[in-house]
Amino acid sequence: MSQFDIQDLETQESRITFDFRGYLFKILNNWKLILVCIGLAMLVAYMVNVRKPNVYALTSLISVENDQSPFFTTTTSISFNWGGVSGKMGKTMTTLGTRNHNEKVVDSLQFYMEYLKEGKYRKEDIYHQAPFRVSLDTTGGQLLGLPLGLRFLEGNKVELFATFENSGGTVQNYTTKEKAGVTLPEGEYKETFAINQPIHLPFFNGTIKLVKPVKPGSEFFVQFLNFDGIVNKYKTFVKVAPYEKNASSVIKLSLSGTNKAKIVDYLNTTAAILSREELARKNLYATNTIRFIDSTLNKVNTDLVQVNDQMNEFRKKNQVLTIQDEMLETSSRLKGFEQQKREEEAKILYLDNLENYLRTKDNYVNIAAPTSVGINEGNILSSVSKITGLAIERQNLEYTTREDSELFDELDRRIDSEKNVLLETIDATRNTIQLNLNSISKEMGRLNGKLSNLPEEQQTFLKIQRELDLSQEAYDIYLKKRSEAAIIKAANVSDITVIDEAKDIGGGRIGPNHNLNYMMALMMGTFIPLAFIFVLFLLDNTIHGSDEVETLSRIPIIGLLGKYRYHNNLVVFEKPKSAVAESFRAIRSSLQFILNKEESTGGKTVMVTSSVSGEGKTFCSINLATVYALSGKKTILLGLDLRKPKIFDDFDLTNEYGLVNYFIGERSFEDVKSATHIENLDVVTSGPIPPNPSELLMSPKMATLMAELKQNYDIIVLDTPPLGLVTDALELTKYADTTLFMVRLDYTKKGMLQLVNAKYRNGEMKNVHFVLNFYKHKSNHNYGYGYGYGYGYGYGYGVYGNAYHQNGRVSKWEKVKQFLKRI
């Protein structure tokens, strides 16, 4: 091969891309590994599907209606402006997600207490299915986090048992929600109690009650959970959303969990509590108004009694008076103006009290309805309603939000803004009422002037009569207003109604998704080994086929040696009809053609070497020499691997004397040469391992020996050390007519061929040919199945090479690499 050919090869190597076909065949070659991984992944998916509890999702629908009362009519003298529907949907949805609301739901359902039963894989929740109930003593604490066992015994007895690993624990009082530390009886604990007997222990306080018969010996568990943790769980898991875009007043509640009965109860209870709270909010305004009317009614009733007493006293002292009709009419008109004056004064009094309340108080939830005193000014009604609604919203927010939250600042700004508007409206309304009072006072003065001409007794009688009539009318009016307010309060209905309550009708399971788990297992079981094989393929730098050799080097391949197990290296001699013997005969024929081109006189020299140990170099040397000897050629085999002698065992020779003894002058060549049982074949072993093998091979005796052998033998086979480990083989290339470089498939590194290319390009080696050992005939271009015939010989990965470094010991890392190599 010319230097230009080598350069062209290097250029070609730089353009080599990823071998997709090789990777595909690598996958096919490891189909068992992929099947095992898929099987394991499917097994894991099955265990997940079996062990993981089912998860269900249920929903309910609630409607948020307009604020209204069914008894509002045109004849009703009291009306409550609830504020309309502006923002009600948003407030309701926000309320459902607040901590305050969810605390009430969890507290009412006691979801901080779990009833459990030992299942196949875990303790299972038996909510609504437990044959007993625990009535908690709210004055005591309950142990958090550790299941307490209940074993029902005969004789209406129950055994409380537990295993306390530590001497300390935490209990929680579910009334105050406070936690405290408690001392526990460390180790196994058992104690028997009677059913329905109050139990008071440091870690449990309650009464166990049976709700249905239970078999003696049955075991159940009760576990108490952190109240705050359970509230946060449901606060997070409950999903609130508008049902449809067009249905703006309908809210959809959804909740998922492992127990459908709990889901149903929670969704229905959260709607019931929301409806109850909404009704209480509406009734709060009516309650404040009734309270205000009652206080006013008591005052009017007191006035009525006093005036009635005055009239009775007057009648006792005076005879029945006769008063002209004209004066009676004047007195009646005067009574009407006095009634108007009282009404206007009541309005001013209400406005004064309202203004004082706004300026001195910071909680505005107790304002009475302005219509209770006849104020129907729209701005006042609207402002009072808004302030009251904002105050209630702020009050509810105090249960769920920190004091320094910006939400409070925003609500306070809105309340202050509405309050300022209301105070200005109060001033304007008060001025208007005062003008009416001035006008009424003038008319009353004119009418009093007419009545001043009557006798004093008649004037007094008319005055007392007017006071009596006014007090009675006022009493009747306020009594009517109170009745109307009470009727409105009683007739109030919540604006929150359940359209479709949560119900377990079967189904509803959303997890685990068995099919998805199996599909994911199939994908993971497939792609993980594929990725593993891909990594190994990228990291694999060994030669697997003849095509790779042809790609990496232009040095020709002269022969192929198949894999064939035999107990020694004398395959050609002992199995002459075997396929491997035919392979060596083919190599001999090729070498004959090559060696005939050489112009040197005398015998021909064939050097056999390799990159590292374990590639079949000695095996090839012995059988190549054998095949030449059997053809009638006078052949000699020299064991020039002075560092690790090997060829003597197969010929039943000892290595006591050899070439080393010849080189150092201890023995003559005839003394170290041995005839074998194979005709025409002589062997010279290496002899004892010397301290300076390279110097011996470079000595003048080596050149003299080779010259003599060429005169006496037809074929000289040199078994040399590995070229990639030591330099001894390079010292022997000058004596070789041709060199056979052994390449063991699935063993020899690709980088070693670059070493051979470099030495060949530099002229350090000449007339080189590759012999492929452990060759497998494959129909899939060196990556599939179908082993061919032949024989391969080697020593296990790294054994030979370690003789030069680690005294033949195989490290753990080497063993791991051997395992990965087998994959």
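This is a predicted model: local features need pLDDT of at least 70, side-chain atom pairs count only at pLDDT 80 or more; totals for chains, interfaces and linings use all residues.
Visitor: How many helices and strands does the chain have?
Guide: The chain has 24 helices and 25 strands. Helices (H or I, at least four residues) and strands (E, at least two) are DSSP runs, numbered from the N terminus.

Visitor: What share of the residues is buried?
Guide: Of the 823 residues in the chain, 46% are buried. Buried means under 20% relative accessible area, exposed over 50%, and partly exposed in between (1.4 Å probe, protein chains only).

Visitor: And what share of the contacts is between residues 24 or more positions apart?
Guide: Those account for 79% of the contacts with a separation of 6 or more. Contact means heavy atoms within 4.5 Å.

Visitor: Switching to Lys-262. Where is it, and is it buried or exposed?
Guide: Lys-262 sits in helix H7 (residues 260–317). Lys-262 is buried, at 8% relative accessible area.

Visitor: Which residues is it in contact with?
Guide: Leaving aside neighbours within four places in sequence, Lys-262 touches Phe-111, Glu-114, Asp-125, Tyr-127 and Tyr-234. Take Asp-125: it is 137 residues from Lys-262 along the chain, yet their C-alpha atoms are separated by 9.8 Å.

Visitor: How many aromatic pairs are there in the whole structure?
Guide: A search finds 22. Rings of Phe, Tyr and Trp (its six-membered ring) pair if their centres lie within 6.5 Å; planes under 30 degrees apart count as stacked, over 60 as edge-to-face and the rest as tilted.

Visitor: Why do Phe-111 and Tyr-266 count as stacked?
Guide: Their ring centres are 6.0 Å apart and their planes are at 25 degrees, so the pair is stacked. Phe-111 is in the loop between helix H5 (99–109) and strand S2 (113–118), and Tyr-266 is in helix H7, 155 residues apart. Both residues are buried.

Visitor: What about Tyr-234 and Tyr-266?
Guide: That pair is stacked too, because the centres are 4.3 Å apart and the planes are at 10 degrees. Tyr-234 lies in helix H6 (residues 227–237) and Tyr-266 in helix H7, so the pair ties together parts 32 residues apart in sequence. Tyr-234 has a relative accessible area of 7%, and Tyr-266 has 0%.

Visitor: New topic. At what angle do H2 and H12 pack?
Guide: Helix H2 (residues 20–29) and helix H12 (residues 514–539) pack at about 125 degrees, with axes 10 Å apart. Axes are lines fitted to C-alpha atoms, for helices over the stretch in contact, and angles run from 0 to 180 degrees between N-to-C directions.

Visitor: Which residues make the contact?
Guide: Gly-22, Tyr-23, Lys-26 and Ile-27 come from H2, and Leu-530, Ile-533, Phe-534 and Phe-537 from H12.

Visitor: Last one: what is the phi of Gln-110?
Guide: Phi is positive, about 55 degrees, although Gln-110 is not a glycine. Gln-110 lies in the loop between H5 and S2. Gln-110 is partly exposed, at 30% relative accessibility.

Methods. Residues are numbered from 1 along each chain as its sequence is written. Side-chain values use heavy atoms; hydrogens and water are left out.
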